[in-house]
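Subject: Structure handover

Hello,

Please find the structure below. My notes on it follow.

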Amino acid sequence: MATSEEEKRKEIARRYREKNRDRIRQKERERYHSNLEESRKKARSRTKKWYDNNQEEIREKAREKYHEDIEKSREESRKRYAKNPEKYRETQNKRNALHRDEINKRSREKRKNDPKVKEREAKYRKIYTEKNKEFLKERQKSPEYKKTRISRQREVKLEVFTEYSKRLSKSKKPCCNCCGENSHVEFLTIDHIEGRENLSTEEKDLKGKKLYYWLKNNSFPDGYQVLCWNCNSAKGLFGKCPHLSSK
Ligand SMILES: [Zn+2]
Ligand SMILES: [Zn+2]
């Protein structure tokens with residue numbers, strides 16, 4: 001059989017290599033050093049190729065190793081970071097920009113489940129704001145910052161309206177939960193279903209974008225709905241939208 005022939009040949013080659021290991025290594029070393037520049041280049045590209053082909057496996061191994069002794073690993077990465085903070089910060093910023101939503105979700109969950117984390121973050125934020133007062137003031141004035149802030153606010157608003165419309169009106173598009181108005185999100189607002197009186201003090205003072213952020217950060221609690229301005233004012237003035245009495 002061809003395979004057993006092949007196996008035989010392989011076996012012979014293996015034995016030969018084993019017997020002459022030192023001599024082969026010596027030869028390889030000589031070849032490597034005869035054109036060091038070229039050899040190094042080749043070795044580098046081989047390593048890179050190997051890394052590219054085994055990325056998942058390598059990452060998994062690294063993760064395992066990191067968690068074997070987490071305190072030690074943390075200490076080591078702290079040391080690495082201290083040596084070259086600029087470089088690490090740049091990588092982190094890139095990574096954060098790429099996975100912003102996922103990262104925010106995870107830290108929100110952590111904050112919710114562990115009061116210690118919440119406390120620590122609040123403390124850190126206070127120190128940071130105090131330390132960078134001038135910088136933050138300047139940054140808020142910059143047009144780029146304003147642009148990002150506004151587009152982020154729009155994103156959050158849309159997310160909140162979409163979530164409540166999906167849940168209460170079974171609509172993929174943000175719409176009024178009374179009359180179905182859905183032509184423009186500008187015609188819509190968030191309504192406290194049972195009125196403001198029953199809300200906690202924290203919620204009572206929330207309006208507009210602050211309310212949208214709060215709803216998102218609190219995983220869209222019950223008790224809110226999307227209404228158009230018409231239905232909302234009618235409900236406020238007459239206790240109930242006329243759409244409901246004509247039904
Ligand atoms: Zn309406
Ligand atoms: Zn209505």
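What radius of gyration does the protein have, against that of a compact globule of 247 residues? The protein has 31 Å, whereas such a globule would have a value near 18 Å (taken over C-alpha atoms; the rule is 2.2 Å times the number of residues to the power 0.38). Its C-alpha trace spans about 100 × 60 × 35 Å along the principal axes.

This is a predicted model, in which local features need pLDDT of at least 70 and side-chain atom pairs count only at pLDDT 80 or more, while totals for chains, interfaces and linings use all residues. Residues are numbered from 1 along each chain as its sequence is written, and chains are lettered from A and ligands numbered from 1 in the order in which they are written.

Mean pLDDT (the predictor's confidence in each residue, from 0 to 100) is 90, and 98% of residues reach 70 or more.

The protein has 14 helices and two strands (DSSP runs numbered from the N terminus: H or I of at least four residues, E of at least two). Buried residues, those with 20 or more other C-beta atoms (placed from the backbone) within 10 Å of their own, make up 9% of the 247. In helix 4 (residues 55-68) the number buried is zero out of 14, so this helix lies largely in the open.

Regards

Notes:
A residue is buried if 20 or more other C-beta atoms lie within 10 Å of its own, exposed if 12 or fewer, and partly exposed in between; C-beta atoms are placed from the backbone.
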